Amino acid sequence: MISFRAWHHCSVKTRVTTVASAVMALLCVFATLLLLAAPQPPRYDSSAALAGFVAGSLLLIAATALGTYWMMSKTLQPVRAISGKLTTIRPSSLGERVPLPSHDDEFKELAQATNQTLERAQAAIQDQLRFASDTSHDLRNPLAAMRTEIEEALMRREETDWEETAGRLLDSLERLQDLVTNLLEISRLDAGAVGQYDLLNLAVLVDGELDHRQDKVRVVRRFSSGVMVHGERIGLTRLLHNLMDNAERHARSTVIVTVEHRGDAAVLEIYDDGSGVPYEQREVIFERFARLQDALVKDTGGSGLGLPIARQIAEEHGGTLTLEDSPSGARFVARFPRPAALAAGSR
Ligand SMILES: Nc1ncnc2c1ncn2[C@@H]1O[C@H](COP(=O)(O)OP(=O)(O)OP(=O)(O)O)[C@@H](O)[C@H]1O
Ligand SMILES: [Mg+2]
C-alpha cells in the first residue's frame, strides 16, 4: 500500500523511466533464459561470454533509463513552462498568458484551453470591478444629495421648511432603497439562487399584479387564456414590474400589456406609446447601469438595472427578453418556453 502510494507521488518522468527500464530488464532476462535453454547452446556457452552478455544487458537497461528520462524531460518541458507561468499569475496580472508550445499536440491544446480560461476569468474580474465602481458611484450621488440637504437646512435653521426638506430626503432615501434592492436581486441572480418553480397561469399572474399597481397612464390588458409557464412567481413578478415601471415612465398616454401564445412560446409583451429606444441602443439598454440620454436628461430617477435584471430573470426561465420593432414607442417582448415544449425537450 505504501509503495503504491509512493509510486503515485513520483513524477511522470520517473514513472515512465522505471517502467521502460523494467521492460528492458525483463526482455534481457527473457533473452538470457532462451539462450541458456537452447538444446544446442551456441558459442555464448562459456561463462565469460555469459558475463559479457549480462554486462551488455545492464548497459542496455541503463541506456534505456537514461534515454527515456531525457526524452520525457524534453516532452514535458511545455508542461513545466505552463505550470511555471501559472504560479506567477496573480489577480492583478490576469492579462498574462501561458506560453504556447510550437508543436500542434495535446500540450498545445492544454495551453490554449488554459489561456481561454484565463481570458474568461479576466473578463469576469473586470466585470466585477466595473460593477463595483458603478455601484459606488450610484450610491454616492444620493448620499451626497442628502448630506448637502441636511447641511443647508442646519445652516439656515430659521428659514428651513422642514417638511419640504424631509420630503426631499425621503426621495433620496427611496433612490437608495431601490438601488440596494436591485443590487441584492443581481447578487441573488449571479449566485444562481433558484426559488420555487411552479406551473403558473401567466395571464392570471400578470392580471393580479397589474391590479395592485397604481396606474399612472392608461393600461390596456389583452390576455389569452391558458398561457402557462413553468416559473418562479417572485422572479416573473419582478420582471413584469421592471418593464411596467419603464413603460409608465416613458409612455405618453397608454401601455398595452399582452399575454398570449406565439408558436411554441408563452409571450408577455409590454408596449408603450412613448419616445421609444433608438435602433442602435436596443442592446445597450440591457447592460448594467446603462441609461439613455433621454432618461438622464429627464432625471427619471432610475439606476439602469431594471432591464438587465428582467433579462436575467427571463433567461433563468429558459426564455428571452428583447426590444422588438414597433411603429412607435417601445415594445418589450418576453418569451418563455411552454411547459409542454419543456417536457418534450427534456425527453
Ligand atoms: N419603455 C421605454 N421607453 C424608452 N426608453 C426606455 C424604456 N425602457 C427603458 N428605457 C431606457 O433604457 C434605460 C435602462 O432601463 P432600466 O430599466 O434598465 O433602467 P432605469 O429604468 O433607468 O432604472 P431602474 O430600472 O434601475 O430604476 C432607461 O434609463 C431608458 O433610457
Ligand atoms: Mg427601469
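What share of the contacts in the chain with a separation of 6 or more comes from residues 24 or more positions apart? I looked this up and got 66%, a contact being two residues whose C-beta atoms, placed from the backbone, lie within 7 Å.

**Entry 1, ground rules.** I note that this is a predicted model, where local features need pLDDT of at least 70, side-chain atom pairs count only at pLDDT 80 or more, and totals for chains, interfaces and linings use all residues. Residues are numbered from 1 along each chain as its sequence is written, while chains are lettered from A and ligands numbered from 1 in the order in which they are written.

I found eleven helices and seven strands, taken as DSSP runs numbered from the N terminus (helices H or I, at least four residues; strands E, at least two). The radius of gyration is 36 Å, well over the 20 Å of the globule rule for 347 residues, so the chain is more spread out than a compact globule. That radius is taken over C-alpha atoms, and the rule is 2.2 Å times the number of residues to the power 0.38. Along its principal axes the C-alpha trace spans about 120 × 60 × 40 Å. Buried residues are 18% of the 347; buried means 20 or more other C-beta atoms within 10 Å of a residue's own, exposed 12 or fewer, and partly exposed in between, with C-beta atoms placed from the backbone.

I read three domains, 2-75, 108-190 and 197-346, with bounds from an automatic or database domain assignment. The centres of domain 2 and domain 3, taken over C-alpha atoms, are 24 Å apart. Their contact takes ten residues from domain 2 and nine residues from domain 3. On the domain 2 side, helix 5 (106-155) and helix 6 (162-190) each give two or more residues, and helix 6 gives the most, with seven.

I then looked at the largest nonpolar core, which has 34 residues. Such a core is a set of buried Ala, Val, Leu, Ile, Met, Phe, Trp, Tyr and Cys residues joined through C-beta atoms within 7 Å. L202 and I270 are among the residues with the most contacts inside this core. Helix 8 gives the most to it, with six residues. Leaving aside neighbours within four places in sequence, I270 touches L243, M244, A247, V255, V257 and F332.

Which residues of helix 7 are buried? I list L202, A203 and V206. The face turned away carries the exposed G208 and D211.
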